[in-house]
Amino acid sequence: MNVTHLRLLLFVCVITILPACQSQKPQTWVFIMAGQSNMAGRGIVEPQDTVTNPRILTIDSLGKVIKAKEPLHFYEPSRVGLDCGLAFAKTLLPKVPDNVTIMIIPTAVGGSSMSQWLGDSLYRNVKLLSNFKEKVAIGKQHGEIKAILWHQGESDANERSIEAYPSKIPQLLATFRSIVQNDSLPVLMGELGSYSNNNDYWQMVNTAIREYAATDQNVSVIGTQDLIHKGDTVHFNSAGQREIGKRFAEAYWGND
């Protein structure tokens with residue numbers, strides 16, 4: 001075999017192997033958790049919720065990247081509890097390529113209304129939309145923002161706020177997508193539960209979510225009507241939070 005043939009063989013080997021090598025470059029898929037207390041989490045954290053995985057990451061209150069374990073949210077120290085984030089990542093992880101790491105970034109604050117998010121209100125010492133922007137920037141430093149997990153509406157499920165709620169959903173999602181700079185960013189929206197003492201208004205929120213989702217192919221709605229509260233008729237229990245995480249993951253994978 002002469003030198004020309006050797007060079008040709010080497011070239012063929014390089015162009016064959018290179019794409020495979022490039023496809024194995026490590027990637028980080030970032031998911032932002034936003035909303036109010038049922039996204040921030042009020043469930044009881046149990047040992048299974050604190051098992052870490054080097055491919056599932058989050059951030060601490062200083063923005064430092066750490067291995068994820070519950071509780072993920074840290075904005076309300078006296079109220080922290082189990083949310084759906086780790087269950088989401090654990091369910092999604094077996095489906096993603098082996099070179100992908102999942103990062104879950106918390107931004108939810110209990111009791112926050114849609115108007116407070118849109119108005120960038122300072123609520124429980126968190127400037128809601130500014131904090132969201134800050135956490136998106138952190139996420140982009142480490143990977144690609146793949147979706148937003150949203151659960152909110154309990155604070156708007158009342159006579160005063162419910163009428164305007166449907167029009168605020170597209171406003172907020174457009175704002176989120178503008179911040180992320182992705183007009184087709186998937187947004188996964190969890191329904192409110194069916195156990196409230198104020199159930200008529202809660203179901204009006206759910207109707208608004210579902211009706212909007214029917215107009216936006218990049219929105220998925222996660223059903224929660226079969227899940228149980230923790231005893232306060234407001235917050236999902238721990239089993240419910242883990243199940244919501246699984247459903248968010250299944251919805252994302254089905255919509256991706």
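Two strands count as paired here if DSSP finds at least two bridges between them. Helices (H or I, at least four residues) and strands (E, at least two) are DSSP runs, numbered from the N terminus.

Some ground rules. This is a predicted model, where local features need pLDDT of at least 70, side-chain atom pairs count only at pLDDT 80 or more, and totals for chains, interfaces and linings use all residues. Residues are numbered from 1 along each chain as its sequence is written, and side-chain values use heavy atoms, with hydrogens and water left out.

First, the overall picture. The protein chain has eight helices and nine strands. Its C-alpha trace spans about 85 × 40 × 35 Å along the principal axes. Of the 256 residues, 50% are buried. Buried means under 20% relative accessible area, exposed means over 50%, and partly exposed lies in between, using a 1.4 Å probe and protein chains only. Now contacts, meaning heavy atoms within 4.5 Å. Take those with a separation of 6 or more: residues 24 or more positions apart account for 73% of them.

Now the sheet. It is open, with seven strands in the order E3-E2-E4-E1-E7-E8-E9, and the pairing is mixed. Which strands stand at the edges? Strand E3 (65-67) and strand E9 (219-222) do. Each has a single partner strand, so one side of each is left without a neighbour in the sheet. From one strand to the next, the twist averages 25 degrees. For angles, axes are lines fitted to C-alpha atoms, for helices over the stretch in contact, and values run from 0 to 180 degrees between N-to-C directions.

Strand E1 covers residues 27-35, and strand E7 covers 144-151. They run parallel and are joined by seven bridges. Tryptophan 29 stands opposite glutamate 144 in E7.

Two helices pack on this sheet. Helix H5 (residues 128-142) touches E1, strand E2 (56-59), E3, strand E4 (100-106) and E7. The direction of H5 makes about 170 degrees with that of E1. Helix H7 (residues 199-213) touches strand E8 (187-190) and E9. H7 makes about 145 degrees with the direction of E9.

Back to E4. How many of the residues of E4 are buried? Seven of the seven are, so E4 is largely enclosed by the rest of the structure. Both faces are covered. On one side sit Val100, Ile102, Ile104 and Pro106; on the other, Thr101, Met103 and Ile105. E4 pairs with E1 in the parallel sense over seven bridges. E4 also pairs with E2 in the parallel sense, over two bridges. There, isoleucine 56 stands opposite isoleucine 102 in E4.

Next, two residues in helices. Asparagine 206 is found in helix H7. Buried or exposed? Asparagine 206 is buried, with a relative accessible area of 0%. Leaving aside neighbours within four places in sequence, asparagine 206 is in contact with Glu191, Leu192, Gly193 and Gln225.

Lysine 246 is in helix H8 (residues 238-255). Lysine 246 has 38% relative accessibility, which makes it partly exposed. Beyond its neighbours within four places in sequence, lysine 246 is in contact with Ala87 and Thr91. The C-alpha atoms of lysine 246 and leucine 92 are separated by 7.9 Å, and these residues are 154 apart along the chain.

Now the backbone. The peptide bond from glutamate 70 to proline 71 is cis, with omega near 0 degrees. Proline 71 is in the loop between E3 and helix H3 (85-92).

Then a loop between strand E5 (122-123) and strand E6 (126-127), which holds arginine 124. Phi of arginine 124 is near 50 degrees, a positive value in a residue other than glycine. Arginine 124 is partly exposed, with a relative accessible area of 30%. Asparagine 125 is in the loop between E5 and E6 too. Asparagine 125 is not a glycine either, and has a positive phi of about 70 degrees. At 75% relative accessibility, asparagine 125 is exposed.
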